[in-house]
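Here's a quick tour of one chain, meant to be read with the model open beside you.

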Amino acid sequence: MRRYIRAFLACMLFAVFSALYVYSKLFYSDLSVGGRGLGEKTFLHRAAASKRSDIGQETRRGPDETDPGDQHWYTGYILRKAEGRVRTAAAMHLAVVACGQRLQETLTMLKSAVMLSIKPLCLHIFAEDQLHASFIEALESWPGSFRSRFNYTLYPITFPRENAGEWKKLFKPCASQRLFLPLILKEVDSLVYVDSDILFLQPVDALWSLLAHFNATQLAAMAPEHEEPRIAWYSRFARHPYYGRTGINSGVMLMNMTRIRATYFKNDMTSVGLRWEELLMPLLQKYKLNMTWGDQDLLNIIFHHNPECLLEVPCHWNYRPDHCIYGSNCGSAEEEGIFILHGNRGVYHDLKQPAFRAVYDAIRQYSFREDPVSSLLVPLEEELLKTTRSYCGKSHVLFTKRLAHSLANVNRDAQRPHGW
């Protein structure tokens, strides 16, 4: 009799554990982000998932919830990944930060990146909680032929708990999030970071390939803030150290994050080198009253003291209104065309620089299901001809030179597998 009772209890326990296992699988699958059609699903960390209403705010577990290996605020960002067929080692990693009214602008940037890319993309989207559902809805609505080119993960916006207020109000909301990417994405070796107001007119692959040109000390690549020191902002107004003759612009950053995490950076606060995570807050405390452009100023200070760590790339990798607003002053764009368009100062959304807005509107309105040359490039060229009264409009050929070549390749490769 006892044997039968033990057998019955064993069966009951097995049934209970099986039910709990199935429930846990269903629970985590409900939290999946961007997994359809990719063979890989990414899941919110259990600490973030347990308080979904807190996503977008500070997300650090209390001292009583940490274990010996979990001592940093950014561990709350770590995501669980299911095994799948996606070979992320072969993919390019692209990160962006979106807050406030930047949803459509960010989606347009992502469209330009995915549309032109050759190798697959892993997208890391840092956004306020209220934008997450809209990102998922938009990205999942893209045609399967384009969805197969990328996977994506959504992250909350958060900063170190002890200084979150200072980081949040530094320059623009969420802007300084980029400074913490090497600490958050600890498993990512290299990354392209771009502002939401970026448009790729050349495949991301072209920028990614510059990693192979880094020498033994270089760990990041950025373009100058300006070409001419006599009219450049940093050389005229900066009250803190800055890189080179005219400073650097942080709207487009190519980073070897493994090197960033391993490097001890020279600085003007101590005679010993400091790790990235040790450097940021002391620099902010020292220079915050003298900074205008927030996190970009911090990067300028860091690379002023560590110029050997930076690969300076030409301005056609980060072409802004400053390069044409008073006449063309980006020589590399004159020769090569514009590789990456940066519509800072809100020029995609007003009428101050109609050439920039024309490119943005053309990509935003383009349907993936249409021929990109006849439905995007040709109408754009016609629209740019209407902008020639502005200095930037006079250089309208530069805005389509690389894009025309890139879209021709999109058409040529439309029927070919996309590298997965």
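This is a predicted model: local features need pLDDT of at least 70, side-chain atom pairs count only at pLDDT 80 or more; totals for chains, interfaces and linings use all residues.

The chain has 420 residues, and 55% of them are buried. Its secondary structure comes to 17 helices and 12 strands. If you look at contacts with a separation of 6 or more, 73% of them are between residues 24 or more positions apart.

**H11 against H12**

- Start with helix H11 (residues 276-287) and helix H12 (residues 295-305), which pack at an angle of about 110° with their axes 10 Å apart.
- Angles of 65 to 115 degrees count as roughly perpendicular, so that's the label for H11 and H12.
- The crossing of this pair, H11 and H12, is right-handed.
- On the H11 side, the contact is made by Trp276, Leu279, Leu280, Leu283, Leu284 and Tyr287, and these meet Leu298, Leu299, Ile301 and Ile302 of H12.
- Sorted by class, the contact of H11 with H12 has 10 nonpolar residues, with no polar and no charged ones.
- The spacing of such residues is worth a thought: an α-helix has 3.6 residues a turn, so residues three or four places apart point the same way.
- H12 itself is mostly covered, with 9 of its 11 residues buried.
- The buried set in H12 takes in Asp295, Gln296, Asp297 and Asn300, along with Leu298, Leu299, Ile301, Ile302 and Phe303.

**H14 and its two partners**

- Helix H14 (residues 354-365) packs on helix H3 (residues 103-116) at about 80°, and the axes of the two are 9 Å apart.
- That angle makes H3 and H14 roughly perpendicular to each other.
- From H3 come Gln104, Glu105, Thr108, Lys111 and Ser112, while H14 brings Tyr360, Ile363 and Arg364 to the contact.
- The class count for H3 with H14 is 2 nonpolar, 3 polar and 3 charged residues.
- H14 also packs with H15, here at an angle of about 160° and with the axes 10 Å apart.
- Angles over 145 degrees count as roughly antiparallel, so H14 and H15 get that description.
- H14 and H15 cross in a right-handed sense.
- Ala355, Ala358, Val359, Ala362 and Ile363 of H14 meet Leu376, Leu380, Glu383 and Leu384 of H15.
- By class, the H14 and H15 contact has 8 nonpolar residues, no polar ones and 1 charged one.
- Ile363 is one of the H14 residues in the contact with H3, and Ile363 is also among those that meet H15.

**Two loop arginines**

- Arg320 sits in the loop between strand E11 (310-312) and helix H13 (331-336).
- Is Arg320 buried or exposed? Arg320 is buried because its relative accessible area is 0%, and the cut-off for buried is under 20%.
- A polar atom of the Arg320 side chain lies 3.1 Å from the backbone oxygen of Asn318.
- Setting aside residues up to four places away in sequence, Arg320 touches Pro224, Glu225, His226, Asn249, His342, Asn344 and Phe356.
- Arg345 belongs to the loop between strand E12 (340-342) and H14.
- Arg345 is exposed, with a relative accessible area of 56%.
- The backbone of Arg345 deserves a look too: phi is near 65°, a positive value in a residue other than glycine.

- Leu123 is in strand E5 (residues 121-127), and Leu123 is buried, with a relative accessible area of 1%.
- Which residues does Leu123 contact, leaving aside its neighbours within four places in sequence? They are Leu94, Leu110, Val114, Phe150, Asn151, Tyr152 and Thr153.
- Leu123 and Met92 are 31 residues apart along the chain, and their C-alpha atoms are separated by 8.4 Å.
- Pro372 is found in helix H15 (residues 372-384), and Pro372 is buried, with a relative accessible area of 4%.

Definitions and conventions:
Residues are numbered from 1 along each chain as its sequence is written. Side-chain values use heavy atoms; hydrogens and water are left out. Helices (H or I, at least four residues) and strands (E, at least two) are DSSP runs, numbered from the N terminus. Buried means under 20% relative accessible area, exposed over 50%, partly exposed in between (1.4 Å probe, protein chains only). A polar contact is a pair of N or O atoms within 3.5 Å; within protein, one must be able to donate a hydrogen and the other to accept it, and residues adjacent in sequence count only if both atoms are side-chain atoms. Contact means heavy atoms within 4.5 Å. Axes are lines fitted to C-alpha atoms, for helices over the stretch in contact, and angles run from 0 to 180 degrees between N-to-C directions. Angles under 35 degrees count as roughly parallel, over 145 as roughly antiparallel, 65 to 115 as roughly perpendicular and the rest as oblique. A crossing is left-handed if the near helix is turned anticlockwise from the far one by less than a right angle, and right-handed if clockwise. Ala, Val, Leu, Ile, Met, Phe, Trp, Tyr, Cys and Pro count as nonpolar, Asp, Glu, Lys and Arg as charged, and the others, Gly among them, as polar.
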